[in-house]
Amino acid sequence: GEPNAHKTLTNGCAIVSRWDGVPEHLPVLDKFAVSELAQGDGVAQLLWNHLTNDFKNMVWRSRASNPACAWYMKHSSASIRIGQWNVFFLLSGDASFDLYEVAK
């Protein structure tokens, strides 16, 4: 899908899209990246704070082998492991859908 929102910082970027088959009220975090030079400087947390001000519900996935999964786990409401992927969810209190169906 076409990105419908993005946040960029000097050393980080996030792209949020809508995907066919994913509930409309559940945007997909396509990319979340921080440059190697800025890792450990709080850029990821700053970018995340900006992103979650705009999006109260999101879904994203990461390969299970990605070292960032621990950070994603801390910042998600729920997660499901499907094959080589960890699928993460950020959910506000009004979100209702079958997480497994979305994760497939």
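A polar contact of 2.4 Å joins the side chains of serine 17 and aspartate 30 in this predicted model, a polar contact being a pair of N or O atoms within 3.5 Å in which, within protein, one atom must be able to donate a hydrogen and the other to accept it, with residues adjacent in sequence counted only if both atoms are side-chain atoms. Serine 17 belongs to strand β2 and, with a relative accessibility of 0%, counts as buried, a class defined by a relative accessible area under 20%, as against over 50% for exposed and in between for partly exposed (1.4 Å probe, protein chains only). Because the model is predicted, local features need pLDDT of at least 70 and side-chain atom pairs count only at pLDDT 80 or more, whereas totals for chains, interfaces and linings use all residues. Residues are numbered from 1 along each chain as its sequence is written, and side-chain values use heavy atoms, with hydrogens and water left out.

The protein contains three helices and six strands, which follow one another from the N terminus in the order β-β-β-α-β-α-β-β-α; helices (H or I, at least four residues) and strands (E, at least two) are DSSP runs, numbered from the N terminus. Of the 104 residues in the protein, 35% are buried.

Valine 28, in strand β3, is buried at a relative accessible area of 4%, and its C-alpha atom lies 5.5 Å from that of valine 16, twelve residues away in sequence. Valine 34, also found in strand β3, counts as buried at 17% relative accessibility, and its C-alpha atom is separated by 8.9 Å from that of alanine 14, 20 residues apart along the chain.

Val43, Leu47, Trp48, Leu51 and Thr52 are buried in α1. These residues cover an arc of only 150° around the axis, and therefore lie on the same side of α1, the arc being that of the directions from the helix axis to the C-beta atoms.

In soluble globular proteins, nonpolar side chains tend to be buried together. The largest nonpolar core has 14 residues, and those with the most contacts inside it are Leu29, Phe32, Trp48, Leu51, Met58 and Trp60; such a core is a set of buried Ala, Val, Leu, Ile, Met, Phe, Trp, Tyr and Cys residues joined through side-chain atoms within 4.5 Å. Two or more residues are given to this core by each of β2 (12–17), β3, α1, β4, α2 and β6 (85–90), with α1 giving the most, at three residues.

Aromatic rings of Phe, Tyr and Trp (its six-membered ring) were taken to pair if their centres lie within 6.5 Å, with planes under 30 degrees apart counted as stacked, over 60 as edge-to-face and the rest as tilted. By this rule the count comes to eight aromatic pairs. The rings of phenylalanine 32 and tryptophan 71 have centres 5.6 Å apart and planes at 20°, so this pair is stacked. The pair links distant parts of the chain, since phenylalanine 32 lies in strand β3 (residues 28–34) and tryptophan 71 in helix α2 (residues 69–75), 39 residues apart. Phenylalanine 32 is buried at 15% relative accessibility, whereas tryptophan 71, at 23%, counts as partly exposed. Tryptophan 71 also pairs with tryptophan 48 in an edge-to-face arrangement, 5.6 Å centre to centre and with 90° between the planes; this pair, too, links distant parts of the chain, namely helix α1 and helix α2, across 23 residues. Tryptophan 48 is buried, with a relative accessible area of 4%. Ring pairs link Phe32, Trp48, Trp60, Trp71, Tyr72 and Phe88 into a cluster.

The charged end of arginine 61 sits over the ring of tryptophan 85, 3.9 Å from its centre, the criterion being that NZ of Lys or CZ of Arg is within 6 Å of the ring centre and within 35 degrees of the ring normal. Asparagine 57, in the loop between α1 and β4 (58–63), counts as buried at 11% relative accessibility, and its side chain reaches the backbone nitrogen of serine 92 at 2.6 Å.
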